[in-house]
Amino acid sequence: MHHHDDTIELLRFSTCGSVDDGKSTLIGRLLYDSKALHEDTIAAIDRSSKRAGKEELDLSLVTDGLKDEREQGITIDVAYRYFSTPKRRFIIADTPGHEQYTRNMITGASTAELAIILIDARKGVLVQSRRHAILASLLRIPHLIVAINKMDLVGWDEKIYNDIRAEFTDFAARLGLSDLDFIPMSALNGDNVVDRSTSTPWYQGPTLMYKLETVAVGTSRNMENFRLPVQRVIRPDLDYRGFAGQIASGVVKVGDKIVSLPSGKQSTVKSIDTYEGSHPEAFTPQSVSITLNDEIDSSRGDMLVHAHDVPHQSQEVTTTLCWLNEKALVLNRPYWMRHNSREVKAMVSSIDFRLDINTLDRHDATELKVNEVARVRLRLSAPIFYDAYARNRGTGSFVLVDTGSNVTIAAGMLAAPSTEPGQGPEFAI
Amino acid sequence: MLPSYRLPNLRLLEAEAIAIIREVAAQFENPALLFSGGKDSIVVAHLARKAFHPGKIPFPLMHVDTGHNFQETLDYRDSFVKDLGARLIVKYVQDSIDQGRCAEEAGPNPSRNGLQTVTLLDAIEELKFDACIGGARRDEEKARAKERVFSHRDAFGQWDPKNQRPELWNIYNGRKNLGEHFRVFPISNWTELDVWQYIKLEKLELPSIYFSHKRTVVNRDGTLLAQCPFITLKRNEKWEERIVRFRTVGDASCTGAVESTASNIDDIITEISASRITERGGRADDRRTEAAMEERKKQGYF
């Protein structure tokens with residue numbers, strides 16, 4: 001029986017690949033070989049495969065959700081897939097690899113703890129393989145698996161595998177990517193996906209499934225800095241005032257001295273409550289309601305933190321910005337910024353440089369278009385309380401929303417204030 | 001045992017769902033929770049209770065009643081809502097038909113699932129709901145796999161799958177123009193098995209039709225449909241008694257039963273773990289065309 005006990009963990013991972021490198025087939029293979037597909041799903045795929053004139057089950061059809069995509073034969077939006085093995089529960093963010101859909105990859109990768117990058121063994125490390133690695137490093141995905149696919153089409157040649165591995169390792173070192181695995185496979189035939197291949201006696205590493213089932217989960221969570229963005233105040237009567245929110249990072253205990261931002265008012269934690277009752281402590285990413293020993297006026301958009309460990313507070317921030325909309329950035333135009341539970345107006349005052357996400361080269365820029373990434377300065381209508389994304393995914397991320405169309409148009413990863421030393425490898429980018 | 005400060009799967013999903021539900025209460029002026037009496041909406045309502053504890057759920061529950069109900073579900077609904085201390089709004093598909101807003105399907109088992117959309121959209125307009133929380137899950141069906149947690153609907157209530165807002169991290173953008181609304185799916189990332197595990201963990205009660213019982217059914221194209229006033233037998237069909245249970249609660253005229261002896265949650269979890277048919281597989285209205293769900297969703301279906 002699958003995940004029948006209460007200690008099963010969840011791993012969210014993303015897959016990125018180009019149109020033809022077999023990404024959809026790989027996911028189909030993972031689901032099929034781990035017996036996560038049901039009979040009626042398999043029957044539907046079989047019907048579709050036959051209609052497309054294919055004799056064998058076309059596993060790529062498992063993930064191609066929308067009708068228009070089925071007709072075009074490519075995946076064009078993030079799709080989420082779910083499966084479990086006796087060891088783990090998985091969520092796959094299946095993201096398209098086609099050039100114009102970089103925004104989808106960023107979307108899918110934003111919550112991922114592991115990314116699988118597919119490389120076609122016949123083609124080697126392509127521009128898009130590099131791009132995927134760069135985006136994975138920008139989003140701070142802690143683990144990366146490079147799946148060297150279609151090895152059957154190059155005669156399971158160990159040298160080809162080693163060359164790709166060497167080239168990619170060199171490149172990844174520049175990005176500060178350290179947790180890197182390479183797996184030679186054929187997704188089409190199932191080699192080294194769930195079952196070990198007999199064609200790769202020279203490969204001693206794990207199968208893809210083994211790696212997915214054993215990689216450490218939760219390593220990207222910040223457990224050091226307590227941050228509770230207040231979503232809502234729960235106030236059923238005059239005796240109870242709970243600050244409700246999902247702990248963005250860290251651990252909090254009853255009695256802890258806290259400060260509410262932006263007011264700066266201090267108090268101590270009286271209780272940490274959930275529907276089950278009161279708890280001596282809570283940690284990220286639990287959703288709780290916290291009461292304090294003093295009456296402090298705090299509301300949505302505020303943040304509770306430890307008094308001895310406050311985040312950055314500023315109305316001017318430096319950030320990596322990924323532009324997600326066809327409508328290009330307009331400098332000095334106000335947008336809505338959504339950061340945790342807080343919403344402020346933000347304008348981009350200057351662009352430090354545009355980052356070529358294929359090469360890591362920096363370019364001077366005066367504009368930012370869809371799928372482009374840049375380092376920019378933002379001016380805000382009110383301060384936000386944040387940590388560098390490199391330290392804290394929970395308080396270092398935000399989106400920009402167009403004030404006219406209300407569409408989410410950009411995603412940002414905040415940098416530490418530039419006066420602060422030791423920002424870490426994010427400044428490599 | 002997990003290392004300290006690690007949340008197991010179900011508690012992680014729960015924390016995420018509670019945060020989403022709180023976000024709805026904070027970002028919208030007049031939300032509602034769509035409640036069918038099915039297991040998914042029961043779980044969502046339970047999560048809403050948790051989200052605002054010790055306060056009450058600050059928005060109403062709404063049931064769009066097809067009129068093709070299993071009585072057990074209605075009984076359950078009323079007692080559950082009472083226990084919750086929440087406000088229940090019921091809107092009837094029959095009213096929409098009587099008002100000429102939509103027409104009953106013809107044929108031997110006219111489904112009212114499609115008609116629900118009309119009643120729902122009318123209710124949203126009449127009651128000025130700006131967000132409706134639903135119990136849909138991405139693992140249910142292909143078209144759902146790509147839907148956002150905060151899913152935008154235009155002024156006609158339509159979903160545009162090709163033009164969805166990017167949704168990153170746990171940041172949900174509920175900004176909208178007048179007349180538009182959102183559907184919000186707090187248990188998007190849950191699987192059917194997660195839902196059942198959670199029902200067990202939380203000791204939630206369910207309508208009795210989820211558990212094995214004797215029922216008169218007809219086998220229509222491989223789907224076991226329960227005897228009810230809305231189904232007419234075709235030639236060569238006959239009513240027969242089977243030991244069945246339902247995996248979803250929907251319009252009684254098109255919700256298929258499965259033969260099963262699973263009479264408690266543990267049995268069901270065991271059965272699902274080994275099951276070969278996905279849960280919507282028993283719904284006759286999804287099978288009409290391969291892209292059936294996508295078409296209905298574009299029109300504003302749940």
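## Nonpolar cores

Leu208(A) touches Leu26(A), Leu30(A), Ile116(A), Ile145(A), Ile183(A), Met185(A), Asn192(A) and Val193(A), leaving aside residues up to four places away in sequence; contact means heavy atoms within 4.5 Å. Together with Phe13(A), Phe168(A) and Leu212(A), Leu208(A) touches the most other members of the largest nonpolar core, which has 76 residues. Apart from that core lies another, of 75 residues, including Leu13(B), Phe80(B), Ile199(B) and Ile265(B).

A nonpolar core is a set of buried Ala, Val, Leu, Ile, Met, Phe, Trp, Tyr and Cys residues joined through side-chain atoms within 4.5 Å. Buried means under 20% relative accessible area, exposed over 50%, and partly exposed in between (1.4 Å probe, protein chains only).

## Basis of the model

This is a predicted model, in which local features need pLDDT of at least 70 and side-chain atom pairs count only at pLDDT 80 or more, while totals for chains, interfaces and linings use all residues. Residues are numbered from 1 along each chain as its sequence is written, chains are lettered from A and ligands numbered from 1 in the order in which they are written, and side-chain values use heavy atoms, without hydrogens and water.

## Domains of chain B

Chain B is assigned domain 1 (9-195 + 291-298) and domain 2 (206-284), with bounds from an automatic or database domain assignment. Their centres, taken over C-alpha atoms, are 23 Å apart. The contact takes 27 residues from domain 1 of chain B and 27 residues from domain 2 of chain B.

Two salt bridges are found across this interface (side-chain nitrogen of Lys or Arg within 4 Å of a carboxyl oxygen of Asp or Glu).
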